[in-house]
Amino acid sequence: MHPMLNTAIKAARRAGAIINRASFDIGQVQVTTKNQNDYVTEVDRAAEQAIIEVLLSAYPTHAILAEESGASANLNDDSENVWIIDPLDGTTNFIHGFPQYCVSIALQQKGVMTQAVIYDPNRNDLFTATRGAGAFLNSKRIRVTRKDRLADTLIGTGFAGRDHDPKALEEYLKMFQVMTMNTHGLRRPGSAALDLAYVACGRYDGFFEKDLKSWDIAAGALMITEAGGIVGDFTGESDYLEKGSVIAASPRIFAQMVALLGQFA
């Protein structure tokens, strides 16, 4: 296993321990509203700080891009090594005691994702990937599903905190209708990073969502490509990190999803 991946795993598990301890008494967790329907807790911040401490103790010159603390002072266009961190993806689920959230860490080197960890502290599921070396769940190799027909698929989706925007809601309901009519079923559990990991290991056949951030996508995207899948924006292009709109699936299902969702790009 790559030493940088080992460090990311250590960081993710440390954050997971903080999250698990807090989950035993959620009523005592302090919650702050960042934006409408977008929350941050003291647990998010503590988990993020723990991750950053582990990473920078091993690689002090590396740059950081994290959901809560933002970009480190040394992050710029010339940064060769950038850790992209979501310390608690699925905060709304966490504060409601709904056990669907995770820690997500990715390493981008010279603009390319090379290492990824997604850790589900509820199930103790550890998803990992190294560029060119495959994707794994608890050390077992994983692959995307082999389904050929969109009609046979179970697809994950999300709505990224836009629930109170009437135009966004209208658009999402149209997407939901289109996909519901053309798939076996849709699921919206509320953690995009974990949803992407589920595509990589075959629990979903595909996933789509708009208005995501890079820390929601980075780790899961590498896992899917290393598991034999494709990740793109709603037109099938590769600039999903910048646009925040993502379709992810096996190659045949990806093409069918793009054909349906391209109208919403």
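Q: Why is Asp120 called buried?
A: Buried means under 20% relative accessible area, exposed means over 50%, and partly exposed is in between (1.4 Å probe, protein chains only). Asp120 comes in at 0%, so buried is the word for Asp120. Keep in mind that this is a predicted model, where local features need pLDDT of at least 70, side-chain atom pairs count only at pLDDT 80 or more, and totals for chains, interfaces and linings use all residues. Residues are numbered from 1 along each chain as its sequence is written, and side-chain values use heavy atoms, leaving out hydrogens and water.

Q: What makes Arg123 and Asp120 a salt bridge?
A: The rule asks for a side-chain nitrogen of Lys or Arg within 4 Å of a carboxyl oxygen of Asp or Glu. Here the closest N and O atoms are 2.6 Å apart, so the pair qualifies. Arg123 itself has 38% relative accessibility, so Arg123 counts as partly exposed.

Q: How many salt bridges does a search of the whole structure find?
A: Nine. One of them joins Arg203 and Asp125, with N to O at 3.2 Å. That pair links distant parts of the chain: Arg203 is in the loop between helix H5 (192–201) and strand E13 (206–209), while Asp125 is in strand E8 (residues 125–130), 78 residues apart. (Helices, H or I with at least four residues, and strands, E with at least two, are DSSP runs numbered from the N terminus.) Asp125 is buried at 8%, whereas Arg203 is partly exposed at 36%.

Q: What makes Lys210 and Glu171 a tie between separate parts of the chain?
A: Their side chains meet in a salt bridge, 3.2 Å from N to O. Lys210 lies in the loop between E13 and helix H6 (214–226) and Glu171 in helix H4 (residues 166–182), so the bridge ties together parts 39 residues apart in sequence. Lys210 counts as buried at 11%, and Glu171 as partly exposed at 22%.

Q: What makes a nonpolar core, and which residues have the most contacts inside the largest one?
A: A core is a set of buried Ala, Val, Leu, Ile, Met, Phe, Trp, Tyr and Cys residues joined through side-chain atoms within 4.5 Å. The largest has 39 residues, and Ile118, Phe127, Met223, Ile224 and Val246 have the most contacts inside it. H5 gives this core its largest share, nine residues. Another core lies apart from it, with 32 residues, including Leu5 and Val117. In soluble globular proteins, nonpolar side chains tend to be buried together.

Q: How do you know that Cys102 is in no disulfide?
A: A disulfide needs a pair of cysteine sulfur atoms within 2.5 Å. For Cys102, the nearest cysteine sulfur is that of Cys201, 12 Å away, so no disulfide is assigned to Cys102. The whole structure has zero disulfides. Cys102 is buried at 0%, and Cys201 is buried too, at 18%.
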